[in-house]
Amino acid sequence: MSNPKPPMKLEVTSKSLETEDHRVRVGRERSEKMRRRLLTAMMATYARCKWPSMPVVEDLLKEAGVSRATFYAHFVSLEDAIDAVGQELAQEMLQNLYDLFKFDDDPLTRMVTGIEMFLIRAMMDPLWADFASRTEFLSDDSAVRKVVARDLNDARQQGVVEFAEIDAALSLFIGTMTQGIRHLVKTRQKSRAYVENVTIMMLRALGVGPEDARRIVNDRSLHIRGVAPEFLPWWRDPWPETA
């Protein structure tokens, strides 16, 4: 009796799975590419709307060059797309900040670095700033706000800032930074004095002495401009003529 041929079922199944995996991977990559295209169009559409106007779905579809069905295959609503962009902006800036102060455990230094970074980017990247200033980028449940709350509490425990209620301190911090971004969007100014004085006044409001506030802010300005070119792909020095 001749030996039976080995079964081919497993081989066929393996090839089928490999083909299926390839198709899934390609499909996922195409979907992510389209999603990025829609998010980029969302930012561009936002930037063209004069304050306080808001874009509509048709504006986004025209900018992206896609159908309504394609948009709704990725997002349930325009608000959903806006929220997705806001979350990505927040995560990107958090990563940027971690890259700049990953060796620094001082919460006050981290806060000052954060303030100046947000305001400097608003001057250098009007599209980013315009979107950030009109969304829930710094909303109550945002990752950025949680990091700020942590650093405020840590700085208070160390005795370097003073405040009685964390939500009040957060309102001061987030509200001032948001308004600063909006001011820079509207004026398109690139004033070092504006960025540093806003930061100093925020520290003074949190109980930091005038000399300490000026020293910390000046130190952070120099630090950011020294290390940012290595870590931040979007960085351009807004004040190349100053030391």
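Is the crossing of α5 and α8 left-handed or right-handed? In this predicted model, the crossing of these two helices is right-handed. Helix α5 covers residues 107–124 and helix α8 covers residues 166–187, and the two pack at an angle of about 20°, with their axes 8 Å apart. Since angles under 35 degrees count as roughly parallel, α5 and α8 are therefore described as roughly parallel to each other.

On the side of α5, the contact is made by Met111, Gly114, Ile115, Phe118, Leu119, Ala122 and Met123, while α8 contributes Phe173, Met177, Gly180, Ile181 and Leu184. By residue class, the contact of α5 with α8 divides into 10 nonpolar and 2 polar residues, with no charged residue taking part.

A search of the whole structure for cavities of 30 Å³ or more finds 1, and the largest cavity has a volume of about 120 Å³. Its lining is made up of 14 residues, of which Leu97, Arg110, Gly114, Val147 and Val148 lie nearest the centre of the cavity. The elements that each give two or more residues to this lining are α4 (78–101), α5, α7 (143–157) and α8, and the largest share, 5 residues, comes from α5.

Technical notes:
Residues numbered from 1 in each chain as written. Predicted model: local features only at pLDDT ≥ 70, side-chain atom pairs only at ≥ 80, totals over all residues. Heavy atoms only, no water. Axes fitted to C-alpha atoms, helices over the stretch in contact; angles between N-to-C directions. Helix = DSSP H or I, 4+ residues; strand = E, 2+ residues; numbered from the N terminus. Parallel < 35°, antiparallel > 145°, perpendicular 65-115°, else oblique. Left-handed = near helix turned anticlockwise from the far one by under 90°. Contact = heavy atoms within 4.5 Å. Nonpolar A, V, L, I, M, F, W, Y, C, P; charged D, E, K, R; others polar. 1 Å grid on protein atoms, 1.4 Å probe; cavity = no way out; pocket = protein on both sides within 12 Å on 5 of 7 lines; lining within 4 Å. Points joined across faces, edges and corners; volume = space filled by probe spheres on them.
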